[in-house]
Amino acid sequence: MRGNGLRWRQCTRRWERKPVMAAEWSTPIDTNVAHVARVYDYWLGGKDNFAADRAAGDHAIAAFPDIPRSAQSNRAYQARVVRFLAGDAGVRQFLDIGTGIPTANHTHQVAQSVAPECRVVYVDNDPVVLAHARALLTSSPEGTTRYIDADARQPAVILDGAAQALDFGRPVAVMLMAILQHLAGEHDPYAIVAELMGGLPSGSYLALSHPASDIDAEGMIKMAAVLNRMMAEKVTFRSRDEVAGFFTGLELVEPGLVQASKWRPDTEAEAASPAALWAGVARKG
Ligand SMILES: C[S@@+](CC[C@H](N)C(=O)[O-])C[C@H]1O[C@@H](n2cnc3c(N)ncnc32)[C@H](O)[C@@H]1O
């Protein structure tokens with residue numbers, strides 16, 4: 001996909017706020033401005049990015065050299081969380097908002113490797129992620145995987161769409177991995193998270209990671225300035241206390257709200273990996 005936006009425009013399909021099977025032709029993919037899904041893909045070593053994304057990604061690396069390893073730590077954290085939720089916590093339904101471009105260990109792959117009957121609904125608002133929706137929809141025969149093209153600032157739309165594939169009478173794990181930094185204060189991200197969780201039964205979970213303003217603060221401030229200058233989606237990094245606010249009314253599971261690499265690491269190398277993100281998983285009582 002490197003550099004060839006036109007071809008993508010011609011072959012990309014679009015699914016809007018409904019399961020991906022209903023298709024129509026797509027809106028263009030803007031290759032002139034960096035977009036977070038593609039910048040993140042670049043940091044992870046993927047190929048679904050364009051010159052503008054790589055330029056923003058490189059400037060961010062110059063400001064904060066650990067960002068690629070921090071992104072990898074975030075992915076490893078996500079896989080551990082899904083294994084915990086589908087394993088010890090017994091969750092069988094996942095709502096993964098801010099899906100990202102498919103890479104190794106996506107939510108349905110990890111969840112269905114533990115319990116094949118898991119149902120997963122993905123949500124993102126990026127047309128490149130949408131274009132990959134088919135790759136995301138490779139569910140196990142026993143389970144379900146769906147994709148909703150929607151904006152995280154519209155929780156009611158997300159809940160309506162997800163209800164077509166998930167049973168809201170049973171626990172659901174809401175995953176907000178490295179997305180809430182794109183919801184500025186004016187969008188009231190705390191109210192959005194509360195609305196999402198409010199629609200779900202007791203025994204549901206909230207799992208999130210959030211870039212930190214108080215881990216490696218100097219580099220993170222510089223990187224935020226770069227991204228806010230070069231990327232379409234603006235960022236607001238938050239302190240540990242601010243991130244803790246998203247869990248109001250929920251019970252954090254051990255080890256609580258910690259640096260992403262410190263959340264139940266499988267190896268010493270994982271635990272030692274740089275990660276400028278706060279991370280936690282909490283249960284709705
Ligand atoms: C940094 S990536 C994280 C991807 C994945 N969750 C992970 O942690 O590996 C952020 C993702 O959130 C999506 N995103 C950003 N703002 C969004 C919004 N307002 N609504 C829906 N998705 C959004 C982006 O398109 C991108 O795919």
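Student: Which helices and strands each supply at least two residues of the lining of the largest pocket?

Tutor: In this predicted model, they are helix 2 (36-43), helix 4 (67-86), strand 3 (93-97), strand 4 (119-124) and helix 10 (217-230). Helix 4 gives the most, with 6 residues. The whole lining comes to 48 residues, and Val36, Ala178, Ile179, Gln181 and His182 lie nearest the centre of the pocket. The volume is about 850 Å³.

Student: What is the make-up of the lining by class?

Tutor: It has 28 nonpolar, 12 polar and 8 charged residues.

Student: Where is the ligand, relative to the largest pocket?

Tutor: The space taken by the ligand is the largest pocket. Helix 2 and helix 4 are the elements that give two or more residues to the shell around the ligand. That shell has 20 residues, with Tyr40, Arg75, Gly98, Asp124 and Ala152 the closest. By class, 8 are nonpolar, 7 polar and 5 charged.

Student: What makes Asn125 and Met177 qualify?

Tutor: A polar side-chain atom of Asn125 lies 3.3 Å from a ligand nitrogen, and a polar backbone atom of Met177 is 2.8 Å from a nitrogen of the ligand.

Student: How much of the ligand does the protein bury?

Tutor: Taken alone, the ligand exposes 600 Å², and the protein buries 98% of that.

Conventions
Residues numbered from 1 in each chain as written. Predicted model: local features only at pLDDT ≥ 70, side-chain atom pairs only at ≥ 80, totals over all residues. Heavy atoms only, no water. 1 Å grid on protein atoms, 1.4 Å probe; cavity = no way out; pocket = protein on both sides within 12 Å on 5 of 7 lines; lining within 4 Å. Points joined across faces, edges and corners; volume = space filled by probe spheres on them. Helix = DSSP H or I, 4+ residues; strand = E, 2+ residues; numbered from the N terminus. Nonpolar A, V, L, I, M, F, W, Y, C, P; charged D, E, K, R; others polar. Near = heavy atom within 4 Å. Polar contact = N/O pair within 3.5 Å; in protein donor to acceptor, adjacent residues only side chain to side chain. Areas by Shrake-Rupley, 256 points an atom, 1.4 Å probe, with all protein chains shown as cover. Sits in = over half its atoms within 2 Å of the grid points.
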